[in-house]
Amino acid sequence: MGKQPETFSIPLAKRRTTSWDMFATWVGANANNGTWYIGGVMAACGFLTATKILVLSSAIAYVCLALVGYIGFKTGVSTMGVARASFGLRGSFLPSIINFTQFIGWTAVNTFIAATSVSYLLHDLLGWPLWGQDGGLKGMLCGIVVMSVLHIISIASGSRSVQLIERLGIILVFVFVIWESIIVFQHVSFEQIIHWQVPTKLKLSTGNAFDTVAAFNLAWVTAAADFSRFARKKSAATTTSFAGALVGVLWFAMIGLISTISIAVSSGNYDPNNSDPSSIASRLGLGVLALLVIILTSMTANAVNLMAAGSALANIFAKLKLKYALWIVAGLATLVTFIPMILGSFLAAFTAFLDYIGMVLGPIISIIIVDYFFCAKQNYRVTDLTIPMGKYWYTKGVNWVAVLIWIIGAGVFFLLQQVSFLQSTIGATYPDMLLSGFLYWLIMNFLSKRGN
């Protein structure tokens, strides 16, 4: 495994993250362009159904966030470092690669949306064509460059700069959401929003909506320990993280939901492709200042995304310092941002990305949680997480049970998506997680008893 970094496990005495910092981190992580966009997409369920799904699916996901946060607090180890206990020292490369790719993807999603805001800003100030119009590529390219520079600034000092960005971002977001809410309800009434009917051909099934929200929220779970290991108190790592993430997602998804429906009510046309914050802010006439806030607040989410991706990369390459890992992932995320431009549809790329997350992340999260709380009885030997041939070496560094369950879970996800009952109720993601967790516990428990 090579030499391990000195900060593999953060001792309690060196932790500096307060409850307020943790709350701001997770509110800021969710109070962003991507969450707004999710709210807009969820408008295809209608207001009341979308609201119920957002609350329930998000709450379930963030219980998992709190559980993984607790593991990070107790061990002082990042999420992918913790995964060494269940997947093996080398086997943890699998969830690390998945975590690396998904957070690169989320950074690209937020960058693309923020770059769209930059293009709107350049259109308003300089008259440049918007993305989708002839000559609109120039504004988007400029936007991607601007956002990439801002990302480098946000991660310049590692966890400390992320902490400062989150503190600033939460204030900006708070002001912006209040402002937009006032503008929205000057155009339409709350009663109109509640009673708006989704066009039948664009209606999103309850199961698909549940899976969409689950995939969006579960993406944060594999970053939970990356931040909770810096927390001073257990409550900051668990209940505060749960509250911050839930407040953030409901806060911004709801404003995206309400804004999108208000545009549909006032214009008589609903198009989920136009659910991004820039399009809505422009249609509501919020002006240049709103676009600037959208651009800046995208830094709050991407600071968390880049930190998680960097931690995953550092778990694979143990000698790589986190600071350099962050710079690498920032550069790769910039390149990935061009994918929606190549595909020609951001919504299509976004939907495919969420399907990928739902398929691969759920089983990993289940395995990590079940292994710590049920198999290990909340007792990991942290020193063995870095020692070849130690307790977590398994078979040549890989716990093939975890890998097998992950493969089964990924395959079962597609099968469950075809079940009509799940499509009309809770979707495939959470049933798949329960099944994966149970199978992992069953096999590991059997092997443990056999070994004794």
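Entry on the model. I note that this is a predicted model, in which local features need pLDDT of at least 70 and side-chain atom pairs count only at pLDDT 80 or more, while totals for chains, interfaces and linings use all residues. Residues are numbered from 1 along each chain as its sequence is written, and side-chain values use heavy atoms, with hydrogens and water left out.

Entry on the whole chain. I find 20 helices and zero strands in the protein chain, helices (H or I, at least four residues) and strands (E, at least two) being DSSP runs numbered from the N terminus. Of its 452 residues, 59% count as buried. Taking contact to mean heavy atoms within 4.5 Å, I read that, among contacts in the protein chain with a separation of 6 or more, residues 24 or more positions apart account for 86%.

Entry on the loop between α17 and α18. Tyrosine 394 is found in this loop, and its phi is near 55°, a positive value in a residue other than glycine. Methionine 389 is also placed in the loop, which runs between α17 (346-375) and α18 (400-416), and has a positive phi of about 75° although it is not a glycine. I record methionine 389 as exposed, with a relative accessible area of 66%. Aspartate 384 lies in the loop between α17 and α18 as well, but this residue counts as buried, at 11% relative accessibility. Leaving aside neighbours within four places in sequence, I find aspartate 384 in contact with Leu89, Lys391 and Tyr392.

Entry on α4. How many of the nine residues of α4 are buried? Nine of the nine are, so α4 is largely enclosed by the rest of the structure; the buried residues include the charged Arg84 along with Met80, Ala83 and Phe87. Glycine 88 follows α4 and has a positive phi, near 95°.

Entry on α4 against α5. Two packed helices are described by the angle between their axes and the distance between the axes. Helix α4 (residues 79-87) and helix α5 (residues 93-126) pack at an angle of about 145°, with their axes 8 Å apart; axes are lines fitted to C-alpha atoms, for helices over the stretch in contact, and angles run from 0 to 180 degrees between N-to-C directions. The contact is made by Met80, Ala83 and Phe87 on the α4 side and by Leu94, Pro95, Ser96 and Asn99 on the α5 side. I count these residues as five nonpolar, two polar and no charged, with Ala, Val, Leu, Ile, Met, Phe, Trp, Tyr, Cys and Pro taken as nonpolar, Asp, Glu, Lys and Arg as charged, and the others, Gly among them, as polar.

Entry on α2 against α12. Helix α2 (residues 33-42) packs with helix α12 (residues 239-267) at an angle of about 50°, with the axes 7 Å apart. That makes α2 oblique to α12, since angles under 35 degrees count as roughly parallel, over 145 as roughly antiparallel, 65 to 115 as roughly perpendicular and the rest as oblique. From α2 the contact involves Asn33, Thr35, Trp36, Gly39, Gly40 and Met42, and from α12 Gly248, Val249, Phe252, Ala253, Gly256, Leu257, Ser259 and Thr260. The residues of this contact divide into six nonpolar, eight polar and no charged.

Glycine 248, found in helix α12, counts as buried at 0% relative accessibility. Beyond its neighbours within four places in sequence, glycine 248 is in contact with Val27, Asn30, Ala31 and Thr35. Phenylalanine 23 lies in helix α1 (residues 19-30) and counts as partly exposed, at 22% relative accessibility. The C-alpha atoms of phenylalanine 23 and glycine 248 are separated by 9.4 Å, although these residues are 225 residues apart along the chain. Not counting residues up to four places away in sequence, I find that phenylalanine 23 touches Thr240, Ala243 and Gly244.

Entry on cysteines. I find zero disulfides in the structure, a disulfide being a pair of cysteine sulfur atoms within 2.5 Å. Cysteine 64 counts as buried at 11% relative accessibility, whereas cysteine 375, at 29%, counts as partly exposed.

Technical notes:
Buried means under 20% relative accessible area, exposed over 50%, partly exposed in between (1.4 Å probe, protein chains only).
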